[in-house]
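Visitor: I would like to learn how to read the packing of a protein chain. Could you take me through this one?

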Amino acid sequence: MTTMTVDAPVSSEPPARISPSRTLRHGLTLAWRNVAQLKHSPEKLLDTTLMPIVFLLLFLYVFGGALAGNTHAYLQQLLPGLVAQMAMFATMGLGTALNEDIHKGVFDRFRSLPIARSAPLIGSVLGDTVRFLTVMVVLVGFGSILGFRFHTDPLSVLGAFALAYVFYLAVCWISVLVGLVAPSPDTVQGLAFIWVMPLTFGSSVLVPNTSTMPGWLEAWTKVNPVTHLADSVRALTVGGPVGNHVWYTLAWAAGIVVVTFPLAMRMYSRRA
């Protein structure tokens, strides 16, 4: 009598627990998908290309003479502040793109793949790095044409932009959450402006010295994470005391991720 053995069928179900390394690998794969899309639709970067130029010209020539006596002196203080502001504004397109993918059913297909549940969201955030890099290159490049110069060593300058990038990645999760909560892509931008505008303009982005502000507004700027980021970038690029601004910025970035990432995952499970 012969014994016949039958191999167990290979399950197409994803493993119950996917390791962090595989999760990151899945996220990077989906991030490359988002980057590849820009090759076919480069117009999606039009806003991030024009926005830093418009803001730099507008703020420089409207406020330069009044706040610093001349535009050249104000440019040295304005551009580092705009690095913080542009890091915030660059995240706004992420929520819209995410919401559009959900409405098109793209995320339904992701859910059927044997990948980590968080991979589509992680891929969206990492893929949006192109938007951040575009904004920073245009901002610094155009600012250099107007006369901006770094006054610190290259390592400090690199640290300033690395800090801005870390904070940008953290804030991206707020944009992801907004994109998941918004009922349609048309409403994402409106919801994003509600939280972006007070954080960016109620800070030291445009006015390094906040002591002339009303008491309540000055108190707000002191706890505003964008203020700490702007002051950190100024100190690391044009000189001055860094103080605890870097640590406050990193603490805020960590806190934002700790709060928004679980909320985004819960909303994603309900929405996608």
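**From contacts to a helix pair**

Guide: Contact here means heavy atoms within 4.5 Å, and among contacts in the chain between residues at least 6 apart in sequence, 79% join residues at least 24 apart. This is a predicted model, in which local features need pLDDT of at least 70, side-chain atom pairs count only at pLDDT 80 or more, and totals for chains, interfaces and linings use all residues. Residues are numbered from 1 along each chain as its sequence is written, and side-chain values use heavy atoms, with hydrogens and water left out.

Visitor: How many helices and strands does the chain have?

Guide: Helices (H or I, at least four residues) and strands (E, at least two) are DSSP runs, numbered from the N terminus; the chain has twelve helices and zero strands.

Visitor: At what angle do α3 and α11 pack?

Guide: Axes are lines fitted to C-alpha atoms, for helices over the stretch in contact, and angles run from 0 to 180 degrees between N-to-C directions. Helix α3 (residues 71-89) and helix α11 (residues 225-238) pack at about 135°, their axes lying 8 Å apart. That angle makes α3 oblique to α11, given that under 35 degrees counts as roughly parallel, over 145 as roughly antiparallel, 65 to 115 as roughly perpendicular and the rest as oblique.

Visitor: Which residues make the contact?

Guide: From α3 come Q76, Q77, P80, G81, V83, A84 and M88, and from α11 come V226, L229, A230, V233, R234, T237 and V238. With Ala, Val, Leu, Ile, Met, Phe, Trp, Tyr, Cys and Pro counted as nonpolar, Asp, Glu, Lys and Arg as charged, and the others, Gly among them, as polar, the contact of α3 with α11 divides into nine nonpolar, four polar and one charged.
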